[in-house]
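Subject: Structure handover

Hello,

My notes on it follow.

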Amino acid sequence: MSEHVHIAIVGAGFSGVGAAIRLRQAGINDFVVFERGEEVGGVWRDNRYPGCACDVESPLYSYSFAPNPAWSRMFSPQAEILDYVRRCAGEFGVLPHVRFGHTIREAAWDPVTKRWQLSSSRGPFTADVLVAGMGALSEPWVPGFRGIERYAGQAFHSARWDEDAQLDGRRVAVVGTGASAIQIVPRIQARVGHLSLFQRTAPWVVPRKDRAFGPLERRLFSSVPLTQRLMRAGLYVRHESLLLGFRNPWIMRVVQRQALRYLHHQIKDPQLRERLRPNFTFGCKRVLLSDDYYPALAQDNVSLVSAGIRELVPEGIVDTEGQLHELDAIIWATGFHVANPPFAKYVRGRSGESLAEVWRGSPTAHLGSMVAGFPNLFLLTGPNTGLGHTSMLLMIEAQLELLLGVLGEIDGNDTATVEPDPGVQARYVQQIERGGQGTVWTAGGCASWYLDETGRNSTLWPWSTHAYMRRAKFDRGDYLLDA
Ligand code: N01
């Protein structure tokens, strides 16, 4: 016998916890949150590498309905963000709804009962509505290098940091130079014996301009909440104004000059500087914020390896120039399965096809949230809801309002199923496609994880978050409704 729940939310990260909070605030309590881990927090629970912090300012990287006057810094560290999600889950009454240690392995729509059949690691469930809050950056990805299984030393992914790893005084490689790597490198450089940083593409790096919030400021945030709301509004406007450059790459040339000056200022060795000089337009890949990345690379115990990786051998990594880098540990800072999320393989719609089969490597969804042929499935942080310029929490909250609209239709009008009209979805996807043309993400001359295997941007929302908030409203006429 399957246990039936009205709404099944999968994942207790920022989006899943946010969904649970908004449901409770709307008076909906018939829901369960399935979480594979043993605590809430999603990526902020899983990413525990040294230096892990948010690269969006905390007053903006937080729920609008739960300001946190206690943030210690502008860019808070991972532990504080995790603590914030935990506290929100507790204070808003979400925890009693969470089933920890429940991994959803399959979800199939049953057209006869009009329910989702869920197979979990702890037994079967059925649900009227399935809300996927698994996140876009939750499945670590390690390239399948030749010989990877033969390597005899320690190796782990940045998002699965090995607390017992012996790094002090050892020969360590970091592979990758994305947002994770540039936070890790400065924190381990002084501890390790030698650090080899494998760089395939030099990223754009700009100063982080972090600062602590003093006790006075924090007291002001808690006694006059308007002050923190004003700060959030200011940050919101500043980030949205960056969009002008992302949408008009020529503007980025000005910013590029500043970033190159920063590189010049921090790296004195002209040869190293040249190898750290990016060869694509600023903003095409995620811009990295760091004050200590370049200085760490200039230290004597660091080598920047810009040759590719040919294979792994028991002793270490052999690069494409044939040089063997002997290693005690490898840290894969190589990113995540984004356009091909593993969950897409196990969510099956009305025809029995999985999302992966329908998407064929290029995900699409109406308003980034619902997919034709997959009734009552709602994807949080779905296709084209990602951002390259501001806080994801803004998109998540806008999606949650849309979710409440869908649930209002189901619960208020005795509608059994809601799914987007395929024609409406196709037109929406075309608009997104057109909106992305000419932006730095598609025209900036880089290969980023924003683009899928077909070269399409299936990840980012190409306009302002305000435009998405306006757009993501439930409009009955756009959906096929079934009683
Ligand atoms: O992963 P990435 P990440 N050989 O995919 C390299 C968020 N985040 O974990 O640039 C050699 O960005 C790859 O090289 P290239 C944030 O949204 C946020 O760092 O493709 N190298 C790249 O350098 C971010 O964007 C925070 O040429 C290979 C790196 O691995 C997202 O997570 C902090 C390779 C992967 O970079 C992912 O960041 C951290 C190969 N075969 C992360 N394959 C915050 O502060 C890949 N690489 C909020």
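This is a predicted model.

**Strand β1**

β1 pairs with strand β2 (residues 31-35) in the parallel sense, over 4 bridges. Within that pairing, Val 10 has Phe 34 of β2 as its bridge partner. β1 also pairs with strand β6 (residues 123-132), again in the parallel sense, and here the count is 7 bridges. His 4 is bridged to Thr 126 in β6. Is β1 enclosed or open? Of its 8 residues (3-10), 6 are buried, so the strand is largely enclosed by the rest of the structure.

Three strands make up an open sheet, in the order β13-β14-β15, with antiparallel pairing. Its edge strands are β13 (309-313) and β15 (324-326), each of which pairs on one side only. On average, neighbouring strands of this sheet are turned by 25° against each other, direction ignored.

The β13 side can be followed residue by residue. β13 and strand β14 (residues 316-319) are joined over 4 bridges in the antiparallel sense, and the two strands form a hairpin with 2 residues between them. Val 313 is opposite Gly 316 of β14, and Leu 312 is opposite Ile 317 of β14.

Gly 316 has Glu 326 as its bridge partner in β15. Gly 316 therefore turns up in both pairings, given that two strands pair if at least two bridges are found between them. β14 and β15 also form a hairpin, this time with 4 residues between them, and Gly 322 in that turn has a positive phi of about 90°.

**Cavity and pocket**

How many cavities of 30 Å³ or more does a search of the whole structure find? The search finds 1. The largest cavity has a volume of about 30 Å³. Its lining consists of Thr 364, Ala 365, Gly 368, Pro 383, Asn 384, Tyr 428, Val 429, Ile 432 and Arg 456. Sorted by class, the lining has 5 nonpolar, 3 polar and 1 charged residues.

The second largest pocket has a volume of about 850 Å³. It is lined by 30 residues, and those closest to its centre are Val 206, Arg 238, Leu 242, Val 287 and Leu 289. Two or more lining residues come from each of the elements α6 (225-247) and α7 (249-266). α6 gives the most, with 8 residues. By class, the lining of this pocket has 17 nonpolar, 7 polar and 6 charged residues.

**Two residues with positive phi**

Most residues other than glycine have a negative phi. Leu 367 is in the loop between α11 (355-359) and β18 (377-379), and its phi is near 55°, a positive value in a residue other than glycine. Asn 376 lies in the loop between α11 and β18 as well, and its phi is also near 55° and positive.

Are these residues buried or exposed? Leu 367 has 2% relative accessibility and therefore counts as buried. Asn 376, at 1% relative accessibility, counts as buried too.

**Arg 277**

Arg 277 sits in the loop between α8 (270-275) and β11 (288-289). Its relative accessibility is 43%, so it counts as partly exposed. Which residues does Arg 277 touch, leaving aside those up to four places away in sequence? The contacts are Ala 202, Leu 260 and Leu 263. Between Arg 277 and Trp 109 there are 168 residues of sequence separation and, C-alpha to C-alpha, 50 Å in space.

That is what I have on this model.

Regards

Definitions and conventions. Residues are numbered from 1 along each chain as its sequence is written. This is a predicted model: local features need pLDDT of at least 70, side-chain atom pairs count only at pLDDT 80 or more; totals for chains, interfaces and linings use all residues. Side-chain values use heavy atoms; hydrogens and water are left out. Buried means under 20% relative accessible area, exposed over 50%, partly exposed in between (1.4 Å probe, protein chains only). Contact means heavy atoms within 4.5 Å. Axes are lines fitted to C-alpha atoms, for helices over the stretch in contact, and angles run from 0 to 180 degrees between N-to-C directions. On a 1 Å grid over the protein atoms alone, a cavity is a set of points where a 1.4 Å probe fits but cannot get out, and a pocket is an open set with protein on both sides within 12 Å along at least five of seven lines; lining residues have an atom within 4 Å of a point. Grid points are joined across faces, edges and corners, and a volume is the space filled by probe spheres set on the points. Ala, Val, Leu, Ile, Met, Phe, Trp, Tyr, Cys and Pro count as nonpolar, Asp, Glu, Lys and Arg as charged, and the others, Gly among them, as polar.
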